[in-house]
Structures are given as C-alpha cells and as structure tokens.
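Start with the structure below, then read on.

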Amino acid sequence: MSGPITAIFVADPIVTMLSASAIRAAQAIAEGYANAEILRDEQRAYRDSLRDELKNAASRGYEALQQEVKATEAEFDAIADLARRYVALDKITATRPAKPDGNNELQLAVYARSMQALTRELRSILLTESALRMDDLGQEVTLDKAIVQAAEHDSKTIVQRLLARIAHLGELPREIASVAKEIADAPFMDTERAQLLITELRMRIQKRVESVQSQAVQEASALILRQSLKDLGYQVEEVASTLFVEGGVVHFRRQGWDNYMVRMRVDPKAGTTNFNVIRAVEEADNERSVLDHLAEDRWCAEFPALLQALDVRGIHLNVTRRLEAGELPVQLVQKNKLPKFAEEENTGRNKNLISREIK
C-alpha cells in the first residue's frame, strides 16, 4: 500500500523532550565548533556573546577548563540519576554530547557550555515532571501529604513548599498567585478551609504544569520531526515550532525527486497527521503522469524508516488509514505555492549561467 497515509500522533513527553534537548545540544556543539574554528583562524573580536564567552573561557587555560568540564559532567550525572525514576537511563545518557578529543581549548569551552545548557534543560524537564506527578524528589513534601499535614502544620509554610515546586517555571500565573495570597492574607484559618484552599492550589498547579509540559512537548516534536527527516536525507522546509499546536503543513523531498514531494498535514484538534505525495505543476498543467504511481510506491518504501526514526525519539505514529497507490490521484499543486528546495534553486541558477554563456 502506498497511497495517502493518516496516522495518530502520540508523543512520550519525557523521551520527546530529552530527544529535543539532545538535538539542541548537538546543534550547539556544531555551531560552537564552527565559531571556534573561525575564531582560531581569523583571530578577530566578535560581537556575538557566545564567541566572546568562548574566548574568555579558553583564555583561562586547559586545566581550568578541565575542572569546569568535570564539574559540569558530575552535575549531569546527578540529574541523570534522579531522572531514572521517570525514564530509562539509556534515554538520558543518549542526550550527552561527545567530549572533544585532543587539547583544543576552544572546543573544550564549547563542550562545557553545551553541557551546562543541556543540564539546565534536563533539570527543568525533571522538575516539571516531578510537579506533574505530584511526587517527591527528596526536597519537599508531596502535595497529597501537604493537604493532610495542613491540619498539623502552618498552611502558609505548606503553600510556600508547594509553590517552590514550580519556581523553575518563572512568574506565577494570576490564578495561582491569587489562591496563595488568600491563604497568606488570612490571619487565622480553620482546618477545613485550609484543606479546601490547598486542594484548589494543587489543582491550579497541576493545570499550570500540564500546560507548560504540553507546549514543551509540542515544540520538541516539531524540532524532532525536522531533524529526523534531515537525518534520513530529506530536504525539509522550515518547521514552525507551533506545528503541533496550531496545525499546518510541511513539505519534504529528496534530491532527484524532480517535481514530487511529500506533504505532511497536521490537524491538532483531531490529533491526526496526514502524508500524501504531491506533484508541483505549472499553472496550466493538469495532466496526470505515469510516474505518479512510482512516486507513491517510492514513498511507501521509505515511510517505515521515518516511523522508526521518530519512535526512537519518543514520537509514535499509529497508522489508521493507508490507501493503495492509485486509489486517489496524486494531488497537483501549483509550483509557485510550494517551497523551493536547493536542487531547484541550483537548477535555475545553472540555467541562467548557461543562458549567459550562449549569448
């Protein structure tokens, strides 16, 4: 079967966010190494803060950098150990970028900065998941215990502990701050009233954490989709971070596919993702081609590889509909309404050069 495909999109929150963190860390390493090479070769000052930071870090010397790296790696290991209660250890360690070989101080500085950024992300993921599950990482009492203990302990102290669980998420939303203020403003509060307010606070914290995590997972999913397609050798148009929030389409193709590409359409309300082969045509061209069937078969053969690549990174596509090639005609789309990929741009550039040479 090789016609249009419909699948339900399901993301494992922790694995998806970890995978996105790994991608960002790898991108930061690659960009940082490139910057370091330019810095080493050209020996000039940069306005960019990262490059300035790399210069300053490298100037402290190799031994200082090694100590910084050791401290960062130890912090990463500690976070990874805590995260084991939520996800397999191999999923965590897979996010860790490779340490550079040799004694290149600039590369070591890049690695240290990337590891620090990755560790901050992992800590935030872990704290958010802890707050969402209402469990205890060993620092604070759980929310369930807090409600019970409200009868025995000062309610304001309990609330402070609860709010500390979402401190990493930034400023408190008004709906949470208002309940906390109501508790703080009450000079005396009976046990029943305290329990009711703390229960309400718990519900609002839960909604806040769910919302934050949901947005983070959706943004991570967009990043993973684009990187997975690129890893498989496809040319991909820019993928908006809001793709799985607001919906939309993404086009991708391989070099050599001529006018064919795959269109992926996301419907967040229905929770579905649709894939279908399309052919770019000129405005007046609406003729069918015998190559349409072959293009669908080709995409069918490659689709399982995409499923596997996404699954490894925490995104599962449960296929609910898959049509035979030819059951529906390949959609014809005007070329000027589709993204331009490198091969097409190069072809156009080469034609212009040939034209000039002939003249």
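## Aromatic pairs

The structure holds 7 aromatic pairs. Rings of Phe, Tyr and Trp (its six-membered ring) pair if their centres lie within 6.5 Å; planes under 30 degrees apart count as stacked, over 60 as edge-to-face and the rest as tilted. Tyr-234 and Trp-257 form an edge-to-face pair, because their ring centres are 6.0 Å apart and their planes meet at 75 degrees. This pair links distant parts of the chain, 23 residues apart. Tyr-234 lies in the loop between α9 (191-231) and β2 (235-236), and Trp-257 in the loop between β3 (248-253) and β4 (260-267). Helices (H or I, at least four residues) and strands (E, at least two) are DSSP runs, numbered from the N terminus.

Tyr-234 is buried at 5% relative accessibility, and Trp-257 is buried at 6%. Buried means under 20% relative accessible area, exposed over 50%, partly exposed in between (1.4 Å probe, protein chains only).

## A second pair and a cluster

Phe-275 and Trp-299 make a tilted pair, with centres 5.9 Å apart and planes at 40 degrees. Phe-275 sits in strand β5 and Trp-299 in helix α11, 24 residues apart. Both are buried.

Ring pairs join Tyr-234, Phe-252, Trp-257, Phe-275, Trp-299 and Phe-303 into a cluster.

## The whole protein

The protein has 12 helices and 7 strands. Of its 359 residues, 42% count as buried.

## About the model

This is a predicted model: local features need pLDDT of at least 70, side-chain atom pairs count only at pLDDT 80 or more, and totals for chains, interfaces and linings use all residues. Residues are numbered from 1 along each chain as its sequence is written, and side-chain values use heavy atoms, leaving out hydrogens and water.
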